[in-house]
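Let's take a friendly walk through this model.

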Amino acid sequence: MLNSLLWTPLLAGLIGLALPKRWVGTWSVAAAATTLGLAIGLLLDGSYGSDALNYVVDESWIPDLGVRYSLGVDGLSIGLVVLTAAIWLATVTWSALHPPRGGDDAPASARNPALYFAMLGIGETATLGAFLAQDLLLFVAFFDLMLIPFYFLVGIWGQGERRAATIKMIIYTLVGSLLMLVGAIATAVMAADGGTVSFAIADLREHLLGESSQKWIFALFALAFLVKMPAVLVHGWMPDAYRSCPLPVLALLSGVLSKVAAYGFLRWAFSLFPDAAIDFQLVIMLIALGSIIYGSAMAFTQTNVRLIAGFSSVAQMGFITLGIFSMRIDGIDGAVLQMINHGIVAAAAFFVIAALYARFGTEDLTEMGGMASKAPFFAVAFMIITLATLAMPGSANFIGEFYILSGAFQSKLAIAVIASGGVALAAFYALRMYQRSIHNRLPEGATSRELDLREAAVIVPLVLLIIGCGLVPNKILARTEAGSSASVSALVSQCREHGAAPTECAAEYGLLGPTNREGGFEPSESDGGAGNPTE
Amino acid sequence: MSATTYGWLILAAPLAGSITIGAGWRKLSPQAAGILGVGAIAVSFLSALGALWALLDVPVEERQMVDSLYTYADLGGIKIDLSILVDPLAVFMALTVSGVSMLIHLYSLAYMRSDEGYRRFFAYLNFFVFSMLLLILAGNFVLLIVGWAFVGYASYALISFWYRRNTATAAGMKAFVINVVGDIGLVLAAILLLRELGSVDYLTVFDRAPQHFAVNQPTAIAICLLICVGAFAKSAQLPFHTWLADAMEGPTPVSALIHAATMVTAGVYLIARAHPLFELAPTAADIAAFVGLTTLIFAGTVALVVTDLKRIIAYSTMSQIGYMIMGVSIGAYGAGMFHLMTHAFFKALLFMAAGSIIAAMASRQNIDRMSGFARAMPFTSGLLVVGSLALAGFPPFSGFFSKDEILVFAAERGGMYWIFAIGGYVGAFLTAFYSFRIVFRVCFGDPCEEAEELIRTGLPAHGPPENPVSGEPEDVAVGFPGADHHIAEKNWEMKLAMGTLGVLALLGGLIQIPGVSHLLESFFDGSFGDSKLYTTVQVPTGTAWAGLLIGALTSLLAISLAHHLYISDRSLLARIRAESSQIHDFLAAKWYFDELLDLLIYRPLTAVGRFFDGFAERWVVGGVVGGTVAVVRRFGSLTRTAQSGYLRFYAAVLSTGTVGLGLYFLIASS
């Protein structure tokens with residue numbers, strides 16, 4: 001089951017290379033839809049009430065190195081797997097309906113759509129692989145493989161200074177990836193301690209490294225993840241890459257790829273380096289806070305709509321990181337929910353930007369305005385996306401942010417209070433982009449035009465998804481909770497070495513969830529009884 | 001049907017109305033959309049009556065009913081349900097809101113008739129009413145926040161309804177962002193409650209709080225102050241008030257509905273709702289009361305000098321909400337809610353009258369240009385006077401009874417609470433003065449040019465509409481009352497809505513007369529019966545009548561002074577203004593609050609943004625890798641022979657370098 005999910009996009013992409021040009025688009029959409037169907041099948045069919053893995057595939061791969069081809073899916077990853085498949089379908093559909101052409105100086109290969117769709121297929125397989133991998137080296141391999149198709153997608157179909165952009169992107173992410181590779185090898189070698197080397201997560205969990213080794217290896221992993229997100233200070237590749245990247249591809253970069261990094265913290269860094277994670281908690285939370293403030297402040301000074309969305313993404317990833325490193329069940333589960341929400345919203349925002357570009361012929365916010373008059377459905381769709389971006393109560397993003405703040409509040413009060421200011425900044429930059437493109441006067445030469453069917457085919461389902469998640473966020477929370485609490489217990493059990501008893505130590509670091517809170521509330525029998533206020 | 005079934009119905013009707021009009025606007029004629037809009041609110045109002053009926057049917061101690069639709073979020077064993085709480089407070093609010101909304105919808109039917117965005121207007125307006133009712137009926141803090149934020153959004157959408165006006169969209173944005181700040185306060189309060197009490201459900205929280213918190217425990221104070229941030233932002237209290245005056249950019253029915261009668265009173269409702277928490281944190285309650293007092297005086301002084309008709313009424317709204325906030329903070333819950341209701345009647349009426357007059361003035365809003373409308377528009381002028389008398393607290397109009405009830409409660413509580421009573425009467429003097437400043441300016445005197453034309457031709461004067469603030473011509477293509485928009489006193493819908501509100505503004509106070517009737521008081525027992533303050537502070541009938549007497553005299557005095565200055569001796573007014581020009585300028589600049597907030601918040605933020613964009617992005621972020629690239633490039637240019645493939649070369653150098661570095665650490669540490 002997982003094999004067919006994982007390899008369908010890649011295979012379909014390769015087959016597409018052999019097909020006649022005019023069929024490629026339809027073929028790719030069908031393949032992406034099949035992948036999404038398989039992912040939804042996993043969601044409906046699997047059981048995510050406990051932290052056990054579903055559909056485990058475990059084959060020997062490179063026995064000499066102890067690398068196994070080991071896949072599985074649990075509550076932590078299932079939502080992200082479905083998200084990946086869904087956003088990829090959106091991007092493939094958009095690209096099939098608006099064939100990519102590349103910039104004016106695009107190379108000849110830019111006119112071959114099959115190549116473009118093959119790259120998208122490879123990218124999807126790599127991303128799904130990173131979410132499904134249960135072997136450290138396999139994860140690193142997929143994580144690195146993700147880079148390659150995006151290098152070509154930006155390099156061939158990008159616009160403007162695409163060459164400089166790809167170089168910067170490659171250097172940043174390659175440094176991160178290679179450091180992580182070194183860290184992964186070191187982890188396995190040191191954990192084996194002269195015995196048989198294994199990269200399987202279960203084996204590595206049994207032989208955790210000493211605290212000092214954990215620390216520097218954690219730092220290598222953290223750097224790779226923070227670059228990928230990107231987080232503040234290591235986001236230098238983002239502005240250039242976002243300026244050049246084709247918009248539908250950007251939906252993937254911002255919506256899905258950034259989530260792999262956040263997921264990496266939960267799945268790998270927390271389970272393999274728990275001591276180090278606890279030691280680095282404050283540092284990473286401060287970086288997350290920096291991302292929130294820096295991203296927000298940048299987002300409301302930029303005039304290029306791509307960069308507004310890009311820096312907004314930096315700020316949102318800051319919130320997600322904050323939730324993860326609150327190391328509490330509410331913060332982590334909120335963060336997992338928020339990864340899914342933000343994936344949908346960020347992708348939708350880039351399709352809206354593509355639609356705005358098609359109408360104004362510019363990406364400069366100061367040259368836009370007044371689109372609403374003849375395009376009410378466009379205005380409403382964009383409004384809903386904007387409100388979800390700023391985590392309007394009523395959207396699932398609000399529930400995600402609520403739990404993230406709740407987690408952060410209880411582990412690091414001051415950071416949470418400052419971070420909550422980021423919510424107000426988000427309201428400002430998100431609404432500013434809406435208002436200056438949809439409201440006010442229409443610039444000379446522009447005409448107001450409603451979403452056409454080709455645009456609506458992608459944007460409308462995403463908007464419906466946003467509304468659906470907003471109505472029943474618990475459908476997601478219920479599936480991710482067990483996975484999140486497993487991440488917390490991985491940390492709590494390890495907390496022993498830091499203090500006398502695990503619970504005491506965990507309480508000191510604020511690691512526990514609301515249920516097992518020390519001195520917590522004992523719900524009495526009469527509680528929750530509706531309609532008896534006299535109690 | 002049970003009270004909760006009616007509760008769901010109250011919510012369902014306007015939501016369905018909004019969606020139907022919004023989704024089906026192409027198919028619906030404007031008339032159908034309007035009728036649908038009014039009808040939805042009427043259903044809501046009837047359901048609220050049904051809920052009242054069902055609630056009165058059960059004993060007082062059972063008048064708090066919760067009903068849950070489904071689990072909204074469930075984490076770590078703490079459930080947050082999509083639930084409503086129907087109790088006397090909620091039903092009272094629902095009745096007031098849906099009733100006044102219904103009349104304002106009716107008024108809008110005619111007022112917005114020639115607007116291009118007619119259907120859009122009703123879709124928004126119904127959505128607003130749904131959000132407001134959700135806020136009122138929510139059974140827990142999270143759902144309250146949802147309603148709270150929806151209301152903020154609806155307000156944004158309606159302020160920037162004429163979205164080609166840059167001033168309107170800017171005002172909408174300001175309102176939205178300040179409201180989000182309030183939302184954050186509420187979110188943090190809810191998180192604290194979740195942490196301390198393990199629940200966000202009203203009844204559970206109020207049940208557990210007294211055992212968990214000692215009186216004035218810092219956490220309890222923090223929770224209440226955070227709730228206050230939410231309440232002040234929504235209710236335009238200091239220092240979060242600046243958005244309300246700008247919100248007058250929206251169509252006048254919006255000002256009447258959202259920015260006078262309903263939304264801005266949400267903060268009052270919230271404090272009354274959370275009263276068990278505030279009674280555990282008396283310090284926070286006192287702070288809230290002081291903010292209310294300060295706002296009521298501040299806004300009253302600004303209303304003395306502002307010349308824009310709608311803005312005077314807006315500042316008056318802030319001031320009146322100051323009374324209510326003060327009332328519910330000192331424990332006069334019933335009185336605060338009573339004033340909320342009467343205020344909704346007379347303030348909506350004042351805005352409607354102002355809307356008619358502004359339409360007759362071709363959108364000009366400066367009261368210095370208006371005069372003589374008593375002859376030109378007798379019906380409107382008459383109701384403007386009724387509304388002003390109620391606002392001024394003149395006996396026996398509704399505001400007379402409700403305002404005094406708050407003030408005598410403060411006096412009866414004694415001690416430092418005397419300040420609130422005295423300050424309240426000072427505010428009452430200001431109120432009566434500025435409300436009759438409007439009346440004497442607008443209705444009396446020789447008819448101005450526009451009023452003259454109205455008397456002569458029967459049609460209000462109209463040129464092409466222009467922005468009253470910036471003077472730009474309006475873009476009528478996307479929805480703005482065009483040149484042939486004649487609404488002054490011509491439509492039965494407007495007359496019916498204004499007439500009904502006039503009657504309510506006149507008689508609404510009679511449901512609660514000291515020593516005669518106490519309908520509200522006893523009805524609220526189901527919600528406030530658990531409160532110590534509410535049950536122990538009993539105002540004797542004699543004191544209450546003494547308070548009423550003082551109120552009546554204050555009002556009379558202020559009205560006569562206004563008459564003297566604006567009618568009898570206008571040269572005196574000019575002399576006063578000339579001699580105290582500095583004070584006048586200070587008040588006219590609204591105490592420089594906008595400038596202060598701009599200086600303290602907006603400018604530093606944009607400066608930081610520019611610093612990040614310029615310096616940090618270029619030197620710090622760029623430097624980290626820019627430096628690396630430069631080094632590699634120099635190294636590359638030395639060794640490279642072929643121009644192509646330099647990227648591969650970078651990659652090779654980098655990978656060798658990093659792997660080598662990693663291995664070094666690996667060896668060094670093991």
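Below are notes on the interface, followed by notes on confidence.

## How the chains meet

Please keep in mind that this is a predicted model. Chain B brings 82 residues into contact with 83 residues of chain A. The size of an interface is often given as the accessible area lost when the parts come together. For chain B and chain A the buried area is about 7200 Å², and carbon and sulfur atoms give 72% of that.

Which polar links cross the interface? The rule finds six residue pairs in polar contact between chain B and chain A, with both residues at pLDDT 80 or more, and zero salt bridges.

## What chain B contributes

Several elements of chain B each supply at least two residues of the side that touches chain A. Among them are strands E1 (65–75) and E2 (78–86), along with helices H5 (141–159), H28 (593–639) and H29 (646–669). H6(B) gives the most, with 18 residues.

Sorted by class, the side of chain B that touches chain A has 52 nonpolar, 15 polar and 15 charged residues.

## How confident is the model?

The model scores ipTM 0.87 and pTM 0.89. Chain B averages a pLDDT of 83, and 88% of the residues score at least 70.

Where in chain B is confidence lowest, and where highest? H29(B) has the lowest mean, at 56, while helix H11 (residues 266–273) of chain B has the highest, at 93. Over residues 638–645 of chain B, pLDDT stays under 50, and the model has two contacts beyond four places in sequence for this stretch.

Terms used
Residues numbered from 1 in each chain as written. Chains lettered and ligands numbered in written order. Predicted model: local features only at pLDDT ≥ 70, side-chain atom pairs only at ≥ 80, totals over all residues. Heavy atoms only, no water. Contact = heavy atoms within 4.5 Å. Buried area = accessible area lost by both parts, 1.4 Å probe. Salt bridge = Lys/Arg side-chain N within 4 Å of Asp/Glu carboxyl O. Polar contact = N/O pair within 3.5 Å; in protein donor to acceptor, adjacent residues only side chain to side chain. Helix = DSSP H or I, 4+ residues; strand = E, 2+ residues; numbered from the N terminus. Nonpolar A, V, L, I, M, F, W, Y, C, P; charged D, E, K, R; others polar. pLDDT = per-residue confidence, 0-100.
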